[in-house]
Amino acid sequence: MKSEATIFERSRTNRAAGAQVPEAGSLADIPSRFLRESAPLLPEVSELQAIRHYTNLSHQNFAIDRNFYPLGSCTMKYNPRGTHRAASQPGFLNRHPLTPVGVSQGTLECLFELQEILTIVTGMDAVSLAPMAGAQGELAGLLMIRAYHQSRGDEDRDEIIVPTAAHGTNPATATMCGYKATEIRVGADGDVDLDHLRQLVGPKTAGIMLTNPSTCAVFERQIVEMSQIVHDAGGLLYYDGANLNAILGKVCPGDMGFDVLHLNLHKTFATPHGGGGPGAGPVAVNGRLVPFLPIPIVGQRNGQFEWFGEEEIPKTIGTLSAFMGNVGILIRALAYSMMLGRNGMNRVADFATLNANYLAMELERAGFKLAYPTRKATHEFLITLDEEAKQFGVRAMDFAKRLLDFDIHAPTTYFPLLVPECFLIEPTETETKEQLDEFVKAMMQIRAEAETDPRMLTEAPHHQFKKRLDEVKAARELDLVWKPDSD
Amino acid sequence: MPFIPHTRADVSEMLASIGVSHVEELFSEIPESIERADLFAIPLGISEMEMLRVLSNRARQDELGPCFIGAGCYDHHIPAAVWDLASRGEFLTPYTPYQAEASQGTLQLLYEFQTMMSSLTGMDVANASVYDGGSGLAEAILMAIRCNRNTKSKRVVICGAVNPFYLRAARTLVGSQGVELVHCEHVGGRHAVGLDDFGEVAAVVVQQPNFFGLLENVDEITDWAASKKALLIAVVNPMTLAVLKPPGDWGEGGADICCGDGQPLGVPMSSGGPSFGFLCTRIKYVRQMPGRIVGRTTDSGGSTGYTLTLQAREQHIRRAKATSNICTNQGLLVTAATIYLSIIGLTGLSNVASASHANTRYVVDKLCASGLVSPTFDGSYFHECAINLHRDAQGVFDELTTKHKILAGFPLGEAFDGLESSLLVCATEKRSQEELDFFCRTLLEVLN
């Protein structure tokens, strides 16, 4: 397959997109010791060349707008274009972050409303929109837990409990907060091992981080007991909102006993994933953690919206970004919430769950093995391709790569690690029944190929821009920047 | 039902297939003891048209006249093509490019981005972004401590005029890892080398141009850091590097880590976010760098292709021992920045830098010629400048905002004691001659 040359190979000395080049200003007042001696390697191409190059590159991407994208735990639902339009208006885009509140009431009203909505859907007492992604929300959450314990003189708690199947960000965040992550076992039915939890908790326990539905894609049925056990030991409960789509409008994390949580607005609130961000990871807390919320927060004073900072929230853990997080993403999430309303939100979990259970059932009928066959699917479910792997010598990754040839993005593979050769499949509520049926058909065909011609899988993909890429070579012979002599 | 495609017939068939009679039964594993959600306080859903009506009104409410504030966020021209392309669904709606064969577009673009950023900063390698300038500084500090094998010290010296907003965020982000941030006082707006003895130091952070727009003696500071066996972290505005000496060339040996915010490269101000942070470093430290990194490789047919690499550093593999918890970063803004740099090109970026500087200098010279205003600090500045109004700058700023809808600059008293009469002004290449003159005239009128 033809490769797209890099933009640097298209570059020619003294070519430029003339309409974009402003007139140069004088630098005569800058002493030469501060100036650059040689020009940087930047493209010299025409506007059309740049447009064609990046348009062609875009064709080499799978995306929600092109493909079914059942990537488990990532909630690849439709990203409504209206939200993009709403956030792209000049009044929002051209607002400098240091503009005074008196002339920023439109933006602040949007943020205030979003705080209110997120407080309600999570069943918590207050929200800060400051974190710029889920992982930063986790960090903010654990910093609040830490601040809470310290404020009570409870200094010795240095352990955060996470399930063995937790998202990698959970233990990584615990480390970033100076905590030790201890792992708790998950039982054969996908629920946490309660006895193990009872053994683990104690005076060292700062808290526990959980997703519910769990990363095993089932609802953690003992959540109320777990909350009791952890709280009795003096710890707090952190809810990783990655899977909130499963319960939006059904139950609230606040009512399950959680003290603090983050939401991934780029999941549940349909803001675009952008090929790896930007996200937004607001945190919601109950009363005991309100004093520690990250700043700024939008509040109301004398009928005007205001930023609340250190003065109003003196025990805050602080700011998390230079300004106020990813405001543009927050406006998109508000636009989405407005179009859904409470009636629309009530249906998100219903249809996400309907789609997942239907797809799980159809795959099981087609002979695929569910990882937790006795359990109901949530907004997602796990299948294990262990038997296919043993029988035909093909791995889950081979199934994944072959799916690309059917123009379907692969589900999440090999996560969670405790289920061998697994696919974590999340169809989301915005997919049609026809699309789900096509997925089942593709999976059946691939399994038939595994039996008769396994190379169709092990050498897949066959019809994409590239065949399978050599990741070992990429890591061993590091080639991270283009150089004029590297081709 | 917004965005849900199911017909009634679909629902019946699907329920029948599952073997339940109502969707509610699918939630039977949620214990009865947990109260059901009550969203009643949230209004009912509205159409796209109605939503846009409400939000357009709010957006219009916040429209203002010309912006003369910089302070870490800049009002540059963005070529129309940048966001036309970045808003294509193929860039807007994919996930992180884990499935390389289905993500060559984003991956090649990131490789091109890494190349541009490495060259602009004069460093060996760049990552694919962190959240913003503040989180970039935090990650750079943590990374420097991991990289510095000469000392066990977790003390990091911050030069006085590093962006206070970055520093404030970095304090939160590194606060629970035993890091000691020593913030030096600036002397006349700049860092004074050698006045203090800090003992063993893991890293020194300097910003060029610094927060006041002043040019620091980065060669001297870099050599001083090297003599103390500390790593040098450079905080830079990537736009200025089209003309200013890149951190890789500072002093004898160059900076070790370079970070900053990419907003000036084709990203709208958007209230300060989303933008993106960047991190660049020497190749020998690449395994300590957080965030995604793309490598060029070959596919099984021998054709050139791209993939995420060195993933063993990251949280999804390394878990508690990862270099950072970062996962989702700011991919779409990096897409826009890469397209911006390609369209604006070598000459364009250099001219944006020199024209922005010339516009700022024009304003500063004209204001100072009046005798009512003087430069707050002596010496060379670039693109941004602190001016002393000889009266409460906040009051002047407020008057210009409310009466004239001009954002006159950043009143420095908000962040620095003793600078209550100073305003940090910045005029990018986007400011027309009329706007520059209008600004000067109006500011002087208020001062008179």
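How far apart do the C-alpha centres of domain 1 of chain B and domain 2 of chain B lie? In this predicted model, the answer is 29 Å. Domain 1 of chain B covers residues 80–338, and domain 2 takes in 346–447. Where the two meet, 13 residues from domain 1 of chain B and 18 residues from domain 2 of chain B take part in the contact. Look at the domain 1 side of that contact and you'll find nine nonpolar residues, four polar ones and no charged ones.

What does S5(B) pair with? One partner is strand S4 of chain B (residues 203–208), which joins S5(B) in the parallel sense over six bridges. If you want a landmark for this pairing, find Gln208(B), which stands opposite Val236(B). To get from S4(B) to S5(B), the chain passes through helix H8 of chain B (residues 218–227), making a right-handed β-α-β crossover. Another partner is strand S6 of chain B (residues 257–261), which runs parallel to S5(B) and is joined to it by four bridges. Here the landmark is Ile233(B), standing opposite Ile257(B) in S6(B).

Time to step across to chain A. It holds 15 helices and 13 strands, and its C-alpha atoms fill a box of roughly 70 × 70 × 45 Å along the principal axes. A compact globule of 487 residues would have a radius of gyration near 23 Å, so the 25 Å of chain A agrees with that. Of those 487 residues, 61% count as buried. Among the contacts in chain A with a separation of 6 or more, 74% come from residues 24 or more positions apart.

Finally, how do the two chains meet? Their contact takes 177 residues from chain A and 170 from chain B. On the chain A side, the largest share comes from helix H10 (residues 327–365), with 22 residues. That side of chain A divides into 88 nonpolar, 55 polar and 34 charged residues.

Note on methods. Residues are numbered from 1 along each chain as its sequence is written. Chains are lettered from A and ligands numbered from 1 in the order in which they are written. This is a predicted model: local features need pLDDT of at least 70, side-chain atom pairs count only at pLDDT 80 or more; totals for chains, interfaces and linings use all residues. Domain bounds come from an automatic or database domain assignment. Two residues are in contact if their C-beta atoms, placed from the backbone, lie within 7 Å. Ala, Val, Leu, Ile, Met, Phe, Trp, Tyr, Cys and Pro count as nonpolar, Asp, Glu, Lys and Arg as charged, and the others, Gly among them, as polar. Helices (H or I, at least four residues) and strands (E, at least two) are DSSP runs, numbered from the N terminus. Two strands pair if DSSP finds at least two bridges between them. A crossover is right-handed if, with the strands pointing away from the viewer, the path from the first strand over the helix to the second runs clockwise. The radius of gyration is taken over C-alpha atoms; the globule rule is 2.2 Å times the number of residues to the power 0.38. A residue is buried if 20 or more other C-beta atoms lie within 10 Å of its own, exposed if 12 or fewer, and partly exposed in between; C-beta atoms are placed from the backbone.
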